[in-house]
Amino acid sequence: MEKVAFIINPFSAKKNYQPFLNELNSKVKDPVYYISESIEGTNEFILSHFSEIDIFVAIGGDGTISTVAKNLINTEKVLAIFPAGSGNGFSNETQFGKNLDELLEKIKAKNSRKIDTFTVNDKLSINVSGTGFDGKVVKEFEKTTRGFKNYIKVSFKTFFSYKPIKLKFFNEEYKQYNGKYLMVNIANTRQFGNNAYIAPHASKSDGLVDMVLVKKFPLTYSALFAFRMFTKKLKDDNYITYLPVSEIEFKVNTKNWHLDGEFNKIKSPIHIKVQPASLNILI
């Protein structure tokens with residue numbers, strides 16, 4: 001496996017990456033790996049090994065995967081994943097599990113395919129990004145020790161106090177959707193992570209993203225919303241609108257965004273643009 005490199009985020013998986021590294025060393029002779037100290041360090045590692053490496057394996061959550069992917073966009077280099085995050089939405093959607101033997105078999109087979117990505121004001125996203133309620137949740141969630149239980153706690157606490165954001169479209173055909181929303185999500189795949197399907201019909205290879213507009217709903221609707229989200233049954237109704245788009249511009253009165261689960265400050269106006277078949281991923 002001289003043409004494979006493993007990039008480990010030491011802060012993922014509750015900061016316990018050593019079992020993975022031990023198993024890797026026991027199954028791969030002299031593996032090329034890098035324990036990331038920073039995003040800049042990861043970028044430098046990929047750049048310095050770009051010519052001799054064909055497959056870059058990201059070991060971490062969606063944020064780690066996105067960091068690695070940024071360096072591989074519109075190239076023939078291949079992204080592979082060993083999920084080690086709190087939600088693992090993108091790895092769930094691309095059929096990567098926590099079995100190293102299965103991953104090594106995929107690497108040996110070297111089969112890959114191109115999938116879409118998209119940008120939010122030129123910032124890359126590969127899975128689901130958003131603003132409003134979930135952007136605030138991610139900001140508060142990053143202050144905790146992470147984990148699904150903490151995510152639920154932060155979500156409930158934030159929901160009752162959060163004021164809807166104001167959304168205004170530039171495109172004439174979408175101005176009918178101007179208004180106040182609990183959250184706005186841009187979905188390249190179906191789920192946030194933890195099998196929470198915000199966009200059950202999204203596809204990562206159709207040249208489109210699903211823009212999901214969610215109005216603030218009453219407490220009486222919350223159980224139904226949660227049930228539908230975890231059973232892949234969310235759909236257009238009085239509170240949810242789906243807009244499949246390849247490119248769109250709009251304003252929101254907040255700078256709080258999450259990109260693949262990582263908090264970001266992004267100023268309006270917002271420009272969303274799909275990059276079709278831009279990322280080569282192992283299958």
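Q: Is Ser-125 buried, partly exposed or exposed in this predicted model?
A: Ser-125 belongs to strand β6, which covers residues 123–125. Its relative accessibility is 0%, and the class of buried residues takes values under 20%. Ser-125 therefore counts as buried.

Q: With which side chain does the side chain of Ser-125 make a polar contact?
A: Leaving aside residues up to four places away in sequence, Ser-125 touches Thr-117, Phe-118 and Asp-260. A polar contact of 2.7 Å links the side chain of Ser-125 to another side chain, that of Ser-129.

Q: What is the relative accessible area of Asp-122, and where is Asp-122 found?
A: Asp-122 has a positive phi near 70° and is a residue other than glycine. Most residues other than glycine have a negative phi. Asp-122 is found in the loop between β5 (112–120) and β6. Asp-122 is exposed, because its relative accessible area is 74%.

Q: Which value does phi take at Asp-30?
A: Asp-30 sits in the loop between α1 and β2 (32–35). Asp-30 is exposed, with a relative accessible area of 65%. Although Asp-30 is not a glycine, its phi is positive, at about 45°.

Q: How are helices α1 and α5 oriented towards each other, parallel, antiparallel, perpendicular or oblique?
A: The axes of α1 (residues 18–27) and α5 (residues 100–109) come within 11 Å and cross at roughly 50°. This angle makes α1, relative to α5, oblique.

Q: Which term describes the orientation of α6 and α7, parallel, antiparallel, perpendicular or oblique?
A: Helices α6 (residues 133–141) and α7 (residues 148–161) pack with their axes 9 Å apart, at an angle of about 125°. The range from 65 to 115 degrees counts as roughly perpendicular, and roughly antiparallel needs over 145. The two helices α6 and α7 are therefore oblique.

Q: How many nonpolar, polar and charged residues form the contact of α6 with α7?
A: The crossing of these helices, α6 and α7, is right-handed. On α6, Phe-133, Lys-136, Val-137, Glu-140 and Phe-141 take part, and they meet Asn-150, Tyr-151, Val-154, Ser-155, Thr-158 and Phe-159 on α7. The residues of this contact are six nonpolar, three polar and two charged.

Q: What class of exposure does Asp-236 have, buried, partly exposed or exposed?
A: Asp-236 is located in the loop between α8 (219–230) and β12 (240–245). Its relative accessibility is 48%, whereas exposed requires a value over 50%. Asp-236 therefore counts as partly exposed.

Q: The backbone nitrogen of which residue lies 3.0 Å from a polar atom of the Asp-236 side chain?
A: Not counting residues up to four places away in sequence, Asp-236 touches Thr-241 and Tyr-242. A polar atom of the Asp-236 side chain is 3.0 Å from the backbone nitrogen of Tyr-242.

Q: What is omega for the peptide bond that joins Ser-268 and Pro-269?
A: Pro-269 is part of the loop between β15 (262–265) and β16 (270–282). Most peptide bonds are trans. The bond joining Ser-268 and Pro-269 is cis, with an omega of about 5°.

Methods: Residues numbered from 1 in each chain as written. Predicted model: local features only at pLDDT ≥ 70, side-chain atom pairs only at ≥ 80, totals over all residues. Heavy atoms only, no water. Axes fitted to C-alpha atoms, helices over the stretch in contact; angles between N-to-C directions. Helix = DSSP H or I, 4+ residues; strand = E, 2+ residues; numbered from the N terminus. Parallel < 35°, antiparallel > 145°, perpendicular 65-115°, else oblique. Buried < 20%, exposed > 50% of the residue type's maximum accessible area, 1.4 Å probe, protein only. Contact = heavy atoms within 4.5 Å. Polar contact = N/O pair within 3.5 Å; in protein donor to acceptor, adjacent residues only side chain to side chain. Left-handed = near helix turned anticlockwise from the far one by under 90°. Nonpolar A, V, L, I, M, F, W, Y, C, P; charged D, E, K, R; others polar.
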